[in-house]
Amino acid sequence: MIIFDMENENGFYCVYLFLLASYIYSRKINEPLYIKDNNWKFLCKNGLDDYFILNTNIIKYDESMNINSNTYYKHLKVPNIKITLNDYMVYSKQLYMIKPTILNNYDLPDTYNSIFMRGGDKLLYEAKQLPISDYVNKLLEVDNHIKNVFVHSDDNLLVDKVKQYIKDNNIDLQVYNITNADSNGGAVVMKRLKYGKCKNINSVDDMNNEEVKEHTILMLNAIEIMRRSKNVVTSFDSNVSRFMKINFDCNVFSINGNNNLDLNKYIKNPAYGFT
């Protein structure tokens, strides 16, 4: 039996990428993958199936099963097999199936590009905030014809900065977003990361089930909006952006990474980057 523990410490897409590695392993040896999600940070009622349709190769693990297994995986602990970037791309589409019932209808144009920036606790020690101009200029470089741009970040203040930059520089782009002042400052996944610029932000650990659900559904809706873009401009220093690169069919460009990836290359896990 192969079991993956969703655990209660790390971010949504970080855990997802390690779950994906275990799923790929289970498919390659033709066994089901059991998921233990009763203590998952983003659980609001049931677990992973609060947000996703689970395919028939995924079984919810229950303690009453009382099955001993040495094949037990979790964040940072994954099967020791060679997985190509193409494997991650192909199998991510099997594993990642959003429930249509959690998606909202937003007043967006039919055709648009997107910009995604990660803020919040990611900027405490893992990444640096890159200039807003880099994102906008990259977008204009890859597509100067579409005049609609959806801008998303866990930090609404970054979205406002993009709007202001476009206005101040008289750039012919109409900006759309779904965030508001409630997400000013960005997401803080773990309570222990409430320091520095994040010290006054309500962490996911501090949220009740309904708040966790609202927080997660907003993020998942933004992901699906960006999926429908012609082009997405981001940076490959967050798990969200790396997920988009392996899962989206549209073009996903990084302002600070290699955009010509070798799909046949074996990589440790996208959570570690594409090198």
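Predicted model: local features only at pLDDT ≥ 70, side-chain atom pairs only at ≥ 80, totals over all residues.
Started with Asn55: setting aside neighbours within four places in sequence, I find it in contact (heavy atoms within 4.5 Å) with Tyr23, Gln94, Leu95 and Met97. Numbering runs from 1 along each chain as its sequence is written, and side-chain values use heavy atoms, with hydrogens and water left out.

Asn55 sits in the loop between S2 and strand S3 (58–60); strands are DSSP runs of E, at least two residues, and helices are runs of H or I, at least four, numbered from the N terminus. Buried or exposed, I wondered about Asn55? At 13% relative accessibility it counts as buried (under 20% relative accessible area, 1.4 Å probe, protein chains only). Its side chain reaches the backbone nitrogen of Asn57 at 2.8 Å.

Next, H1 (residues 12–28). 16 of its 17 residues are buried, so the rest of the structure largely encloses it. Just after H1, Asn30 has a positive phi of about 60°.

Of its 63 residues, Tyr51, Leu220 and Met244 touch the most other members. H1 gives the most to this core, 13 residues. I checked Leu220 too: beyond four places in sequence, its contacts include Phe12, Tyr51 and Ile102. Apart from that core lies another, of 16 residues, among them Val159 and Val233.

Note on methods
Buried < 20%, exposed > 50% of the residue type's maximum accessible area, 1.4 Å probe, protein only. Core = buried A, V, L, I, M, F, W, Y, C linked by side-chain atoms within 4.5 Å. Polar contact = N/O pair within 3.5 Å; in protein donor to acceptor, adjacent residues only side chain to side chain.
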